[in-house]
Amino acid sequence: SDENEKNYYSKIQDNLDINSPIKYNNESNNTWIVHKTRKQLTRIERKMGFNGPIHNIDYAILESRPGDRIMVHDGDYFLNSRPKQKNLSIIGLDEQCTMLNGGERAL
């Protein structure tokens, strides 16, 4: 349901606000959704002001600014970018989310 989805994303964001050393500013930062197959955001993602969905994690990193959050749905993603250079939060949303860098598990 919409309420479950909103609570799910809100819980993730609240946890990041408390525990992440990377500070997120609602006025200047963005949250990006990375998903292998989706072509549009859900209604809740749009209401929450998220961007995407983007199919390629490197493109999400390229489009992001320091402090942005990248939420990655299930799938195998290959990183060519260096996310630490931008001071980003990259969050795997599902247990089946794997990010690889040169064939090695990156995150």
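Author: Helices (H or I, at least four residues) and strands (E, at least two) are DSSP runs, numbered from the N terminus. This is a predicted model, in which local features need pLDDT of at least 70 and side-chain atom pairs count only at pLDDT 80 or more, while totals for chains, interfaces and linings use all residues. Residues are numbered from 1 along each chain as its sequence is written, and side-chain values use heavy atoms, with hydrogens and water left out.

Reader: Okay, so where is serine 64?
Author: Serine 64 sits in the loop that runs between helix H3 (57–63) and strand S3 (69–72).

Reader: And is serine 64 buried or exposed?
Author: Serine 64 is buried, because its relative accessible area is 4%, and buried means under 20%, exposed over 50% and partly exposed in between (1.4 Å probe, protein chains only).

Reader: What does the side chain of serine 64 reach?
Author: It reaches the backbone oxygen of isoleucine 61, at 2.7 Å. If we set aside neighbours within four places in sequence, serine 64 is also in contact (heavy atoms within 4.5 Å) with Trp32, Ile70, Lys86 and Leu88.

Reader: Switching topic, how many helices and strands does the protein chain have?
Author: There are three helices and seven strands in the protein chain, and along the sequence they follow the pattern α-β-α-β-α-β-β-β-β-β.

Reader: Which strands does S1 pair with?
Author: Strand S1 runs parallel to S3, joined to it by four bridges, and S1 also pairs with S2 in the parallel sense over two bridges; two strands pair if DSSP finds at least two bridges between them. Valine 34 stands opposite valine 72 in S3, whereas tryptophan 32 has asparagine 51 in S2 as its bridge partner.

Reader: Which way do the residues of S1 point?
Author: Thr31 and Ile33 point one way, Trp32 and Val34 point the other way, and all of them are buried.

Reader: How many residues are in the largest nonpolar core?
Author: It has 13 residues, and those with the most contacts inside it are Val34, Ile57, Ile61, Ile70, Val72, Tyr77 and Met99. A nonpolar core is a set of buried Ala, Val, Leu, Ile, Met, Phe, Trp, Tyr and Cys residues joined through side-chain atoms within 4.5 Å.

Reader: Which elements supply this core?
Author: Strand S1 (31–34), H3, S3 and strand S6 (97–101) each supply at least two residues of this core, and the largest share, three residues, comes from H3.

Reader: Back to loops, where does asparagine 29 lie?
Author: Asparagine 29 lies in the loop between helix H1 (2–19) and S1, and asparagine 29 is buried, with a relative accessible area of 9%.

Reader: Which side chain joins that of asparagine 29 in a polar contact of 3.1 Å?
Author: That is the side chain of aspartate 68, where a polar contact is a pair of N or O atoms within 3.5 Å; within protein, one must be able to donate a hydrogen and the other to accept it, and residues adjacent in sequence count only if both atoms are side-chain atoms. A polar atom of the asparagine 29 side chain also lies 2.8 Å from the backbone oxygen of proline 66.

Reader: What kind of peptide bond joins glycine 52 and proline 53?
Author: That one is a cis peptide bond, with omega about -5°, and proline 53 has its place in strand S2 (residues 51–54). Most peptide bonds are trans.
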